[in-house]
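Try each task before reading the solution under it.

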Amino acid sequence: MKMRRFLLVLMGTLLTGTLLSCSPNQNKRSDRTAETKKAANNIKQQKGKVMELTTSEFKEKIVNYEANPDKWVFRGERPAVVDFYATWCGPCKMVAPIMEELAEKYKDQIDFYKVDVDKEQEVAGVFGIQSIPTMLFIPKSGQPTMTAGAMSYNDLDATVKKLLLK
């Protein structure tokens, strides 16, 4: 009798554990954990890729223009290129694959970013972006340089070498 009762309790416990492990709430918890990890990974700079920045990420990775309104204080660890663009802009679409190629070419030396001026109007306003594409070339130390207009691969590569790989 005791053995039978023990087996029934054991089976009930196993069955309950199995049902709980398959419950929808458990799956949602796993999904949230996966989403959190994915978001954390997206925040990290991906070498060899052009990373899109929000306003808060721009302040974190490039320059916090609110904390230092009167001087340039670069927050990055390596030189960087920032492409100010818009999704509807034809010349911006021509520059995008060039930026991707250069990001791969200089993946161990330079960080490549892009800022959508329609989504991140604050950053575009702070930098006075009036035409796109506009590129911001940021050396590790010293002042950044801006250029407006689409550039060919050779011109953009030469500018990167001249301004960032001195």
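**Exercise 1. Contacts along the chain**

Task: Find what share of the contacts with a separation of 6 or more joins residues 24 or more positions apart.

Solution: Of the contacts with a separation of 6 or more, 68% are between residues 24 or more positions apart. Keep in mind that this is a predicted model.

**Exercise 2. Elements and surface**

Solution: Begin with the count, which is 6 helices and 5 strands.

**Exercise 3. The nonpolar cores**

Task: Work out which residues of the largest nonpolar core touch the most other members, and which elements give two or more residues to this core.

Solution: The largest nonpolar core has 25 residues, and those touching the most other members are Phe58, Ile62, Trp72, Val82, Phe84, Phe127 and Ile138. Two or more residues each come from β2 (80-85), β3 (111-116), α5 (121-126) and β4 (134-138). The largest share, 4 residues, is that of β2.

Now take Phe84 and leave aside its neighbours within four places in sequence: its contacts include Phe58, Val115, Val123, Phe127, Leu136 and Met146. Pro133 and Thr134 are also among the contacts of Phe84.

A second, separate one has 17 residues, including Val50, Val95, Phe137 and Leu156.

**Exercise 4. Two helices crossing**

Task: Decide how α4 and α6 are oriented to each other, and name residues through which they meet.

Solution: First, the axes of α4 (residues 90-105) and α6 (residues 153-164) come within 10 Å and cross at roughly 40 degrees. Angles under 35 degrees would count as roughly parallel, and 65 to 115 as roughly perpendicular. The two helices α4 and α6 are therefore oblique to each other. Their crossing is right-handed. At the contact, Ile98, Met99, Glu101, Leu102 and Lys105 of α4 meet Tyr153, Leu156, Asp157 and Lys161 of α6.

**Exercise 5. A glycine in a loop**

Task: Is Gly149 buried, exposed or partly exposed?

Solution: Locate Gly149 in the loop between β5 (145-148) and α6. Its relative accessible area is 23%. Buried would need under 20% and exposed over 50%, so Gly149 is partly exposed. To finish, the C-alpha atoms of Gly149 and Pro133 are 5.3 Å apart, although 16 residues separate them along the chain.

Terms used
Residues numbered from 1 in each chain as written. Predicted model: local features only at pLDDT ≥ 70, side-chain atom pairs only at ≥ 80, totals over all residues. Heavy atoms only, no water. Core = buried A, V, L, I, M, F, W, Y, C linked by side-chain atoms within 4.5 Å. Buried < 20%, exposed > 50% of the residue type's maximum accessible area, 1.4 Å probe, protein only. Contact = heavy atoms within 4.5 Å. Axes fitted to C-alpha atoms, helices over the stretch in contact; angles between N-to-C directions. Parallel < 35°, antiparallel > 145°, perpendicular 65-115°, else oblique. Left-handed = near helix turned anticlockwise from the far one by under 90°.
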